[in-house]
Amino acid sequence: MPIRVLATEVVSKIAAGEVVERPASVVKELIENSLDAGATQIAVEAQGGGMELIKVSDNGTGIPASELELAFRRYATSKISDLDDLEKISSLGFRGEALPSMAAVAEVEIFTQTSSETVGSYMSLRKGEVVRKESRARPQGTTVTVHRLFRYFPARLKFLKSVNTEGSRIAHLASQYALAFPEVKFSLVLDKRQSLRTTGNGDLADVVSEIYGSEIAQKMVKVEQKDGPTKVTGLTSPPSLARSNRNYLSFFVNRRWVHSPLLNRATEEAYHGLLMDGQHPITVINISLPPQELDVNIHPAKAQIKFCHEQTIFSSVQKAVEDALGKTPIARSKAVPFSVSSGQWQSPRMIMDNEPAFVVAQLPTMELPVLRVLGQLANTYIIAEGPDGLYLIDQHAAHERILYDRILAQWSQKEVEVQGLLQPITIEFSPREEETLRANKESLAEFGFAIESFGNRSYLIRAMPALAARVNIIEIVTALLDSLASKESLNPWEEKIAQSLACHGALRAGQQLSNEEMRELIKQLEQTKQPRACPHGRPTMIHLTSHQLEKEFGRIS
Ligand code: ADP
Ligand code: MG
């Protein structure tokens, strides 16, 4: 279809708004254009977090010289033409807004050639106006370069984060598209450094290996299910490979990268009973279904979608993941209804007629009395007696509190105990992890980490903070980078680091402890500043007062 300006009646139905919010949104729109043009090779380059330069080259269809100026007109697109098309969108773009929006806030160059042309065309724009246009030959395809994004829009620049953060968003975004299109050869170069390169051989496991490392790729299990017209395919991690946040959940619908609480929830429901609280899987799933079955015209960035039959999609995804995990139908839990209006999951929790008769005493943050250890319950809780009743202490949370206080104290006195590793550990980071590492190098060094580049996203860990060096080091370092990259917590970086080290360095639930070990743990807990809460704010203990016990046993009324 040639590029044409959409009729007003179509434009009025399009979710309007700004598509160019930050460098990563420019990269997203350009990659989507390349994919829509049928490219099998896409090379992305960014400098200065994308604020200096973004360049995306492809080997797609190209744009005929006669249509090149039109491509930069608002609502000009070759992908849809009427209202009917809006009901069944099969391309990634359809609004005809990306190129003009970029040209309005940056200097843009485009260089393109189609297969039927003997010479291509080059055009440059400033402030949305064409300043140069000429014929130049190139192989078939298109290259768009965006210079100095928002340079003359200080109010917009103000909303951007550091060069490193914007770079890591670009890395994450390119990784997602590489996962969605394993048959396309992607390359990402950030500040002249090759950050991502896929082969385009069509094998999703190879892309996962490139992004998350070969160890993870080898363990992932295949998801494959056809449910009427809905097909759910991809890879998901066995329960042993869990992560501490949702950054590793990637969902695509008809290969469009989407953010969907519904899909998150359906997947996590499949892992119900297999993962501990706070653990999340690594999942790469594409759902393909007839375009009429979904609405992508909800938000300008097109990352939100609405399924016509939410419950069916929910069940298909849950079932596909459960089958991949080999979960038996009996263990399968009922799908939880999702309320579209509130965007909330209705609580699956049953409200009992009789709420538990005793109420856990509110724990003020104050010193602990001297406690006498009585024993261990379920290898998870320490049972202790105090001057006023019974204490149940969560061994993991308590140890977390101890380690957290100790790590922060060592750090603030610049006396972090470091342990060199006799055998340095090799670890391969994802492009995003690598960016986080680079952005936080000094902070990590202050905590005793010695991590050096080994080329090609491989790193050697040579030293660690001693407090955490005895546990799974790869796990601890990846969790740490996740937490530093997380936008959910606004804590200062030193607290994020200390929290993550404490959480992963601490004793686990299920670990049997000797009386001596329990006594030592309680003694150390007594010396912390806030013995009654773990660094995440959860209680470390439950206290049943003598009064409550007497009441429960009907000794007093
Ligand atoms: P949309 O993608 O919504 O159509 P854009 O502003 O992103 O709007 O692009 C306008 C038009 O320019 C597209 O419809 C397409 O015809 C053409 N175009 C943009 N980028 C490319 C590319 N990389 N290869 C081929 N054609 C392109
Ligand atoms: Mg587009």
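Contact, as used in these legends, means heavy atoms within 4.5 Å. The structure is a predicted model, in which local features need pLDDT of at least 70 and side-chain atom pairs count only at pLDDT 80 or more, while totals for chains, interfaces and linings use all residues. Residues are numbered from 1 along each chain as its sequence is written, chains are lettered from A and ligands numbered from 1 in the order in which they are written, and side-chain values use heavy atoms, with hydrogens and water left out.

**View 1. Helix H14 and its cover.** Helix H14 comprises residues 473–485; helices (H or I, at least four residues) and strands (E, at least two) are DSSP runs, numbered from the N terminus. Among the buried residues of H14 are Ile 473, Ile 476, Val 477, Leu 480, Leu 481 and Leu 484, where buried means under 20% relative accessible area, exposed over 50% and partly exposed in between (1.4 Å probe, protein chains only). The elements covering these buried residues include strands S23 (418–428), S24 (450–453) and S25 (458–465), together with helices H12 (431–439), H13 (441–446) and H15 (493–505). At the start of H14, a side-chain oxygen of Asn 472 comes to within 3.1 Å of the backbone nitrogen of Ile 474.

**View 2. The shell around ligand 1.** Ligand 1 is surrounded by 22 residues, the closest being Asn 33, Thr 77, Ser 78, Lys 79 and Gly 96; a residue is near the ligand if one of its heavy atoms lies within 4 Å of it. Helix H2 (23–36), strand S4 (76–77) and helix H4 (98–105) each contribute at least two shell residues, and H4 gives the largest share, with three. Oxygen atoms of ligand 1 lie 2.9 Å from a polar backbone atom of Arg 95, 2.7 Å from one of Gly 96 and 3.0 Å from one of Leu 99. Taken alone, ligand 1 exposes 530 Å², of which the protein buries 95% (Shrake-Rupley method, 1.4 Å probe).

**View 3. Thr 283 in strand S15.** Thr 283 belongs to strand S15 (residues 283–288) and counts as buried because its relative accessibility is 0%. Leaving aside residues up to four places away in sequence, Thr 283 touches Leu 235, Thr 236, Tyr 248, Leu 249, Ser 250, Phe 251, Thr 267 and Tyr 271.

Definitions and conventions:
Polar contact = N/O pair within 3.5 Å; in protein donor to acceptor, adjacent residues only side chain to side chain. Expected span 1.5 Å × (residues − 1).
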